[in-house]
Amino acid sequence: LWLLLQPLGFGTGYILLKDLMTKYPNEANAVSGLKLLGVAIACVFWAIITNHTVTDLTNVLTEPKAVAGLLYTGLVTSAFGVWIQSVAFKRVSATEASIILTSEPLWASLFAAVLLNEKLSLSDLFGGSLIIIACLSYEFNWIDKLTSNISNYLSENNKSTNSNDNSMIVSKIDSINSLIDPLDVSSVSNSNDNQAMINIISNTKNE
């Protein structure tokens with residue numbers, strides 16, 4: 001359930017952020033502060049319901065590496081990242097930002113491979129390729145061009161089929177006319193057989 005809510009939350013957040021930055025284009029600092037405050041409140045609430053105490057925080061703050069990690073993730077990857085995201089949303093749409101941010105796992109994997117010597121599996125490479133293809137597809141409108149080409153092809157094919165059908169109909173009408181024109185309907189006997197034949201030919205010509 002959490003995995004399903006995560007993309008919905010991100011997508012909704014991007015749409016709301018775009019609306020905010022459109023209405024208040026010069027308030028990136030205030031919008032960023034509001035977002036960080038919301039995250040802080042959510043974290044405190046989570047700590048309370050999971051029975052964490054101030055003692056747990058004290059134990060973390062006594063470790064220099066833990067403090068460095070908290071400062072880096074809090075100031076650089078969170079605060080600065082949220083702020084630069086707010087500034088960027090003044091210039092790009094929510095859809096474009098969503099496409100760009102889908103490449104986040106790709107960059108994380110690349111940095112892990114380069115800096116931490118992590119090995120990428122075939123599934124990692126395949127997933128990264130799909131992300132790249134999706135980004136390029138959106139950037140160059142590949143899907144729109146493909147659907148347009150298919151639509152044009154079907155339209156042209158339909159026109160060609162209709163043209164061939166019309167040619168066949170015209171040909172049949174000409175053949176019927178060649179049979180009817182020599183006939184002098186007024187001179188034909190009034191017998192039931194001859195009258196039936198005339199009716200059939202006349203009806204065919206009208207069709």
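**Pockets and core of a predicted helical model**

Modeller: Five helices, α1 (2-23), α2 (28-49), α4 (64-88), α5 (94-101) and α6 (104-115), each give at least two residues to the lining of the largest pocket. The model is a predicted one.

Colleague: What makes Thr-77 a residue that lines the largest pocket?

Modeller: A lining residue has an atom within 4 Å of a pocket point. The largest pocket has 32 such residues, and Thr-77, Ser-78, Gly-81, Val-82 and Gln-85 are the ones nearest its centre. Its volume is about 1,200 Å³.

Colleague: Which helix supplies the largest share of that lining?

Modeller: α4 does, with nine residues.

Colleague: How do you know how many residues of the lining of the largest pocket are nonpolar, polar and charged?

Modeller: Each residue is classed by its type: Asp, Glu, Lys and Arg count as charged, and Gly falls among the polar ones. On that basis the lining of the largest pocket has 20 nonpolar, ten polar and two charged residues.

Colleague: What is the volume of the second largest pocket, and which residues are closest to its centre?

Modeller: The volume of the second largest pocket is about 220 Å³. Its lining has 13 residues, with Ile-99, Ile-100, Cys-135, Tyr-138 and Glu-139 closest to the centre. α5, α6 and α7 (122-139) each supply at least two of the lining residues, and α7 gives the most, six. By class, the lining of the second largest pocket holds ten nonpolar, one polar and two charged residues.

Colleague: What makes Val-31 a contact of Leu-17?

Modeller: Contact means heavy atoms within 4.5 Å. Leaving aside neighbours within four places in sequence, Leu-17 has contacts with Val-31, Lys-35, Gln-85, Ser-86 and Phe-89.

Colleague: How many helices and strands does the protein chain have, and what share of its residues is buried?

Modeller: The protein chain has nine helices and zero strands. Of its 207 residues, 11% fall in the buried class. The accessible surface of the chain is about 16,300 Å², with 66% belonging to carbon and sulfur atoms.

Key: Residues are numbered from 1 along each chain as its sequence is written. This is a predicted model: local features need pLDDT of at least 70, side-chain atom pairs count only at pLDDT 80 or more; totals for chains, interfaces and linings use all residues. Side-chain values use heavy atoms; hydrogens and water are left out. On a 1 Å grid over the protein atoms alone, a cavity is a set of points where a 1.4 Å probe fits but cannot get out, and a pocket is an open set with protein on both sides within 12 Å along at least five of seven lines; lining residues have an atom within 4 Å of a point. Grid points are joined across faces, edges and corners, and a volume is the space filled by probe spheres set on the points. Helices (H or I, at least four residues) and strands (E, at least two) are DSSP runs, numbered from the N terminus. Buried means under 20% relative accessible area, exposed over 50%, partly exposed in between (1.4 Å probe, protein chains only). Accessible areas come from the Shrake-Rupley method with a 1.4 Å probe; for residues, only the protein chains shown count as cover.
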